[in-house]
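Could you walk me through this structure in the viewer, one selection at a time? I am new to this and would like to know what to look at in each place.

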Amino acid sequence: MPELDQQLLDDITLGATVLGSGGGGDPYVGMLLARAAIAEHGPVDLVALADIPDDAHIAFLAAVGAPGVLIEKIPRPADGVAALEMLEKHLGRPFTHVAPIEAGGFNAVTPIAAAAAKGIPVVDADGMGRAFPYLDMVTPTLYDGKSTPMSLADEHGNRLVVECATNAWSEAMARAGTVASGGVMYFASYPMSGAQAKAWLIEAPLMRAARLGATLRAARAEKADPVAALLAEHGGARVIEGRIAGIERRTEGGFNFGEATIEGLGADRGRTMSLLFQNEYLVAREGDDAVLTTPDIIMTMEAETGEPIPAEELRYGFRVVVVGLPCDERWHTEHGLRLTGPRRFGYDIDAVRAATSATNGESAEGN
Amino acid sequence: MPLRIGVDVGGTNTDAAVLDGSTVIASCKRPTSADVLTGVAEALRDVTAGVDRSDVHSVVIGTTHFINAVTQGRFLAPVLAVRIASTPVPLPPFTDWPDRLVNAARGAVIEVEGGHQFDGTPYIETDLEGLREALSSGEAAHLRDVVITSAFSPVNADGERAAQAVVEEALPGARVTLSHELGRVGLLERENAALLNGALRPLAQKAIDGFLAAVADVGIEAPIFLSQNDGTVMTLDTALRFPILTIASGPTNSMRGAAVESGLSDCVVIDVGGTTTDIGLLREGYPRESSLAVQLGGVRTNFRMPDVVSLGIGGGSRVVEGAGGVTVGPESVGYEITTRARVFGGDVLTLTDVAVAAGRLTIGDPTRVADLDPELVRRALEYVDDAVAQCVDRVKLDRGEIPVVVVGGGAALVGSNIPGSSTVQRPSEAGCANAIGAALANISGEVDRIFSLAGSSRAEAMAAARQEAIDQAVRAGAVPESVRVVDGEDIPLAHLPGGTALRIRVRVLGDIDLTKETADA
């Protein structure tokens, strides 16, 4: 594995925003926290999933909360360490590694700062391969892996350890604690062995993010079209290029529901597309047809610079390209779709996949 | 006959224009003086030579003074940064700043226990006793430019205000910037803007004293405004406290001036200066703003800035014939063009010389460039036209054709055959577009923060935000009836059950109330 230097951190940060699928929060703050922790405690080892011993003891370390809170009440890595140590105490055994729960947004880089402080490595493996809104939408759930015991810690000195009946319950409990705390907490969850991690987790999400970021960076430096470069090198689908003609948002049940309307420009003139989101983008619709849906990654990127723009930051008039990137194959199994497919979010439609390669000339049209 | 004067103080030239309504009745261009103020006084004297100075109702000044200070790290004051949050804070003030600016602007840092939740509830009492103690230490005690930033201060500023009172008592004469006054949620970006602002305040005091003296010296008694980033204006009182808000006024003024002169509200504007050419898109009369985080001198802020592409090509750019062919810029003779360019008797081959040789421009002594190789001239201009064409293509939102307006002192240097343009206009007062833009600016108000929905509906929260923005604009000197909403949106905060909070952004614009002497007093 390459050394986790500033260049790699920057690339991961940029790529993780793409994998955020419109949600996940801006990982810039996470990058700064990781950088500061490395400067203070020394370098962090990034290890490949295949290289960890079967008897390793691993947890996901992440922040739960609202992106708009996280940028004011900046989470303190020391509280992430506190969450980890509480869970260690509860389990009576130290963790040998930490892993990100999701590859998208702030949480992609959250474990790095805590790992630096603890002096343990980060496993380049996660439970989503992108960002999803619920805590139970992770690959361990597909294998009956348990999210709890789980610990939560905040900057005010509040500490929780919870055991829940199901992974879905742990989402509700973590959310309730977070609201009481003021909108953001660290949590450590899904304690697992190295052998379990190898069977359950998605491999190399950080390296995937880094490659996405590096592609965008190189294309900008060469004055090439960053979005075209991203699709050519990573096999996604270009769905539409256009202008944000309208954006509606509403809050229901504690989530961002909304719809962005995109009017095609250039070669896409005359087309109109809607992006439906619940924190993350879930469905891209043209007329009555879904052209791309969860669990594949849907992302909006600024047309010129390729800068990924999350749903929260979309504004009227932005010129964007909508891209589709493939998710982990496990999300397309029957169980995977039950957990993360359109019906889990209340859309009575089948999942529509992103074309797996730009070279086959197909954009993601409905099936 | 109520007249407005616009002044643009650039790095090379100080331009001034007198307007009656939107009609330009006089304009002039003078070299920027080393002290800035002599140049302003000269330009004002010149441009008002033929008018009754008592008819002047307002003077609007745009300046690159502050952006230059930030990009060069010069003339900045050392700042005492006070952060109110849960301590120890994870990312202290000046995080991710370039060393050059840290050295220039970092005086001392004090961390104070305190802060608020997103709904404005305090999560702990602000530790004012701890602050008082820290202020008495040697490092902080001699600083006078102070910036106070508290978590969620855009929602509840009590912590920042309480700390301000303590600071003002402990450090007599302190100039205090409170981060919530600069607006937005996003602590690091808001604090960065506040820190830059704090570092600029002594310079602002000096510059504004100079502007006042220059205007008084010429015998103009009208109120003076400073032009700000979004093409609107602020009073000097506001500018003294918030110089950071004027920092990107240059390109904005050029583009607004181009709109007025061409009569177009949707076009590409090319502003050709002495060293650089700025190219941007004008939509509905205002510059299109960048959708990315804006870096000021390498510091990340959450300001909105015009989305302008800058080319290192201007009238003073050196023309060089090398192995790779003929290139123009980015090296420039800058303000020395009047002595160093060939047509002015110098020995440096500049873009201006080449343009004179090609007949695009009549200036200086054309016989001094008569011997230039026509092939060199053709290739130099081709280089410029290609570079400009590429930038025009980049800023356009559409592949269709769009009108192009060329302004700036070097407007004649750019060819008329621009791919992707439907028409190419060069207004008669093109050289003073920036001064004209400054003169005709508006006044804005903006709200961007989180509103709790406990006990109120979304519509009520939106209405409250709108009213707050309108009140802000009126307080800043806008005619109440003219204020209109130009941008508005609400973002429910993700992950919080019950729909308890909304982040609302509203921006309004209005006409300057010329009947008020000091609108912000």
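## A strand and its two partners

Start in chain A by selecting A:Ala63, and you will find this residue standing opposite A:Tyr186 of strand E7(A). Keep in mind as you go that the model is a predicted one.

Next, pick A:Ser151, whose opposite number in E7(A) is A:Ala188. Extend to residues 150-153 of chain A to show strand E5, which pairs with E7(A) over 3 bridges, again in the antiparallel sense.

Stay with E7(A) and select residues 184-193 of chain A. Is this strand mostly covered or mostly uncovered? It is mostly covered, with 9 of its 10 residues buried.

## Two helices in chain B

Move to chain B and select residues 128-135 for helix H4 and residues 158-170 for helix H6. Their axes come within 10 Å and cross at roughly 30°. Angles under 35 degrees count as roughly parallel, and H4(B) and H6(B) are therefore roughly parallel to each other. Turn the view to see H4(B) pass H6(B) in a right-handed crossing.

Finally, show the side chains where they meet. On the H4(B) side, select B:Leu128, B:Leu131, B:Arg132 and B:Leu135; on the H6(B) side, select B:Ala162, B:Ala163, B:Val166, B:Val167 and B:Ala170. Sorted by class, this contact has 8 nonpolar residues, 1 charged residue and no polar ones.

Key:
Residues are numbered from 1 along each chain as its sequence is written. Chains are lettered from A and ligands numbered from 1 in the order in which they are written. This is a predicted model: local features need pLDDT of at least 70, side-chain atom pairs count only at pLDDT 80 or more; totals for chains, interfaces and linings use all residues. Axes are lines fitted to C-alpha atoms, for helices over the stretch in contact, and angles run from 0 to 180 degrees between N-to-C directions. Helices (H or I, at least four residues) and strands (E, at least two) are DSSP runs, numbered from the N terminus. Angles under 35 degrees count as roughly parallel, over 145 as roughly antiparallel, 65 to 115 as roughly perpendicular and the rest as oblique. A crossing is left-handed if the near helix is turned anticlockwise from the far one by less than a right angle, and right-handed if clockwise. Two residues are in contact if their C-beta atoms, placed from the backbone, lie within 7 Å. Ala, Val, Leu, Ile, Met, Phe, Trp, Tyr, Cys and Pro count as nonpolar, Asp, Glu, Lys and Arg as charged, and the others, Gly among them, as polar. A residue is buried if 20 or more other C-beta atoms lie within 10 Å of its own, exposed if 12 or fewer, and partly exposed in between; C-beta atoms are placed from the backbone. Two strands pair if DSSP finds at least two bridges between them.
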